[in-house]
Every structure is written in structure tokens, then in C-alpha cells.
Amino acid sequence: MYNCFRPGDIVRAKVMGDARSYHLSTADNSLGVVRAKSLAGVAMVPVSWQEMQCPQTKAVERRKVAKVEEA
């Protein structure tokens, strides 16, 4: 899980389940981390579908990045 998401990440997920329990799924290319902050507190930019990079420190962190369609 830690290689996919971190505390504080903004994640797009699909809600699954019934009236008693809910589960979140990111098992689609359009689902995953939308926004994340690096350890330096800077907004990260996606560099691939599995990695995001801090523009300030150039550190690369693993995430399950959502493929977001730009408007």
C-alpha cells in the first residue's frame, strides 16, 4: 500500500459495496493519486503511472498515479 498511496494524498477511487460496507478501488487507469505533496511539502508532478517527482528536491516517490484527462 505504501508504494501506491501516502497519508495526505488526494485519490480518485471507485466506491464499491452494498449498504452495509463500502470499499474503494483504484483498479483502473483513470483512478489513483491525483495530488500529492513530497516530504519537503511541495506539490509533486507525475513522471509515470507509478512515480511522482518533487520539482524542488527532484526526489522521486512511488505512487499509483491516476491518468487524468485534461480539460
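Which residue forms a salt bridge with Glu61, the closest N and O atoms being 3.1 Å apart? In this predicted model, the partner of Glu61 at that separation is Arg6. The pair links distant parts of the chain, since Glu61 belongs to strand β7 (residues 60-62) whereas Arg6 is found in the segment before β1 (10-12), 55 residues apart.

A search of the whole structure finds three salt bridges, and Glu61 takes part in another of them, with Arg63, where the closest N and O atoms are 2.9 Å apart. Arg63 also forms a salt bridge with Asp9, the closest N and O atoms of that pair being 2.7 Å apart. Because Asp9 lies in the segment before β1 and Arg63 in the segment after β7, this pair ties together parts that are 54 residues apart in sequence. Asp9 counts as buried at 13% relative accessibility, and Arg63 likewise counts as buried, at 2% relative accessibility. Taken together, Arg6, Asp9, Glu61 and Arg63 are linked in a network of salt bridges.

The cysteines were considered separately. A disulfide is a covalent bond between the sulfur atoms of two cysteines, and the count of such bonds in this model comes to zero. Cys4, with a relative accessibility of 28%, counts as partly exposed, whereas Cys54, with a relative accessibility of 0%, counts as buried.

Note on methods
Residues numbered from 1 in each chain as written. Predicted model: local features only at pLDDT ≥ 70, side-chain atom pairs only at ≥ 80, totals over all residues. Heavy atoms only, no water. Disulfide = S-S within 2.5 Å. Buried < 20%, exposed > 50% of the residue type's maximum accessible area, 1.4 Å probe, protein only. Salt bridge = Lys/Arg side-chain N within 4 Å of Asp/Glu carboxyl O. Helix = DSSP H or I, 4+ residues; strand = E, 2+ residues; numbered from the N terminus.
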